[in-house]
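Today I am opening my notebook on a structure that is new to me. Come along as I look up one stretch of a chain and then one contact between two chains.

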Amino acid sequence: MFGQKGLELIKELNRTPDVLPPFNDDVIRQVLEEMNALFEQNRMDLDKEKDANYAGVHVRHASLERNRRCLLAYLYNRINKIRQMRWEFGSIIPPEIKYNMCEPEVQWFNNYNKILATYMRGIGNKHGLNLTLDRQPPKELYIEVRCLEDYGEYEMDNGDVVTLRKGNMYLLPRGPCEQLIRQGILQHITD
Amino acid sequence: METRFKHSYCPNYFSLEDILATQERVLCKVEKSVHGLGCLDQSTENEDLVVGTTLQLPFWLAFPLSQTRVRVVSVELPKIYKEAFREVLTADASIVDLSKLGRYFYEFGSHLTKLNHRDSSAINTMLMNAFKDRLRVLIDWAQNLCTDISKVQRLDTLEKELYLEGFKARKELIAWLSEGSSKMCASEMVVNHKKRKRAVVDI
Amino acid sequence: MDSSFGLDNEVALSDDETVTVQQVLETLENAWLNEKFSPELLPHQTDIVDCMFEQISGMEENLEKVDQSDIRVEIHRMELDRIRYVLSSFLRTRLEKIEEFCTHIIEEDSTRDPDERYLSPGEKKFAEEFQNNIEQHFERVALRHMPLNVQKYDRQLMKVEPNLKSYVFLRARSTAEGLMLEGMDDTDEPLTMVKDSQHMALYSGVASLVKNGTLQLI
């Protein structure tokens, strides 16, 4: 049956919805090979005579379309995950994840970064607004946090510098902490 | 935690579920011989697909072949969408184990109605009613924390997703009612990523 | 320090319209709710957004000048944070929709008059660049290696469209009479939605009423 390799790519993504698996160069190449083989067969059939193997041409064409759909869906869904990473991890992707991305995907991410930054800079008549912050309705001005990893010096908006050491607790303004909490460096204590 | 914009279920060209749903097989009868593609029928050594052969084909292939100007194959409805089984579902849809019969029951059923079979509208009605019946049970489970795994396993893929959504919504509501929405958390992706890192290091 | 925190200040929204900042904020909040619950992208509110920004800057400047130990400073800072949250959330939701339904939105907007467009100039640029980024990626990694007859990126086939048939909760901001919604036929009586009553409806039937302000999504 045609389209099996394409299906493999889809199943791979479906199996692990939370993780970006390594870019499957190998299977992609096999899908493209099958597509080109199908096309060649069709071309030969059509060259021979009109209406020759009408049915066969249709079968192969449907398989071509199917393979294309599987391949593009694979790329599209991966890009979606990568896009999400800009909002969850920030503008720098952890190396372990980057390892699973192919070069074009890394470039896509860098481009996306630029496009997003340009847009954010122009908000409010060139005032600029970082949309990756303020993800939750603010309830208080200062929050208690525990530091989960050694981070070192952190400069806040008002110019104050605080040294974040693993295990220590701090009472800090909400705004500057948000980014670090999302990245898992600080932990918000509420009880 | 503010979630990303969520829109209602609407499969598109890139939807993984839709691609998998159209992989479901249907029984087809060959009406125009297909040269050189006998390999599609694994039960024969023939080089060509001969007229009259019956074989299982995935829907994504069967459908276009049934719609060609000169029909290449004719498609038969799968058993679970035929009248006899429709009656079972109409009687009591909630007891049926969809995970065994059709993991993409609703999507595949909807695709089948495109064949314009004389049963198409009956299938549509059946799908809607079965969904309504089973949804009632689903909502009940999600609200009352059904922990019986065997029951949840009898759901098809769409229902499982709905159930998980309901479960999550309930959790979020309880969290909001008790501690308010002000606690900030690490993003889910970050948490999962760290867990995996630790797991790798532990090995 | 102005105890009303500047919310009663008047601003000129356009040549013939002056409203208070409080009213602008309310309009922004309503637009935010509509955008959150609507399945499609709604017309942009750049006037309101820009206006709100000006106000926030002004208020922030005022706060800097005041004695920082005054408890009211904290409260006003919080108010500013909350306004900024609404702005952020509003623009973020729009951006997510633009990313999801890129091709569809660009196409639709190109058929509209310039002053009826749904995308703001900044969003339009973002959308076009985003669309390019994806198409080029497909081209580079897959399409150019494919056989000639399927190499082209087929926008119509691959368009992702919003589901306008989703159901939404809404409230009537003013009494609306004589409504004929989608799904009703000629024998049905026209509906009346009384002011402040709440309903659930198919979005495609009420979309125009949401956009003209008669109904508010909740």
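Entry 1. I began with residues 71-141 of chain C: this stretch is 85% helix and 0% strand, with its end C-alpha atoms 58 Å apart. Helices here are DSSP runs of H or I with at least four residues, strands are E runs of at least two, and both are numbered from the N terminus. UniProt, in an unreviewed entry, lists residues 71-141 of chain C as "domain: GINS subunit"; such annotations may be inferred rather than shown by experiment.

Entry 2. I noted the ground rules. This is a predicted model, where local features need pLDDT of at least 70 and side-chain atom pairs count only at pLDDT 80 or more, while totals for chains, interfaces and linings use all residues. Residues are numbered from 1 along each chain as its sequence is written, chains are lettered from A and ligands numbered from 1 in the order in which they are written, and side-chain values use heavy atoms, leaving out hydrogens and water.

Entry 3. How many residues does the contact take from each chain? I found 43 from chain C and 46 from chain A, contact meaning heavy atoms within 4.5 Å. Between them, chain C and chain A bury about 4,200 Å², 67% of it on carbon and sulfur atoms. Buried area is the accessible area (1.4 Å probe) that two parts lose on being put together, summed over both.

Entry 4. I looked up salt bridges (a side-chain nitrogen of Lys or Arg within 4 Å of a carboxyl oxygen of Asp or Glu) and found three between chain C and chain A. C:E99 forms one with A:R83, their closest N and O atoms being 2.6 Å apart. On the side of chain C that touches chain A, α3(C) gives the largest share, 14 residues.
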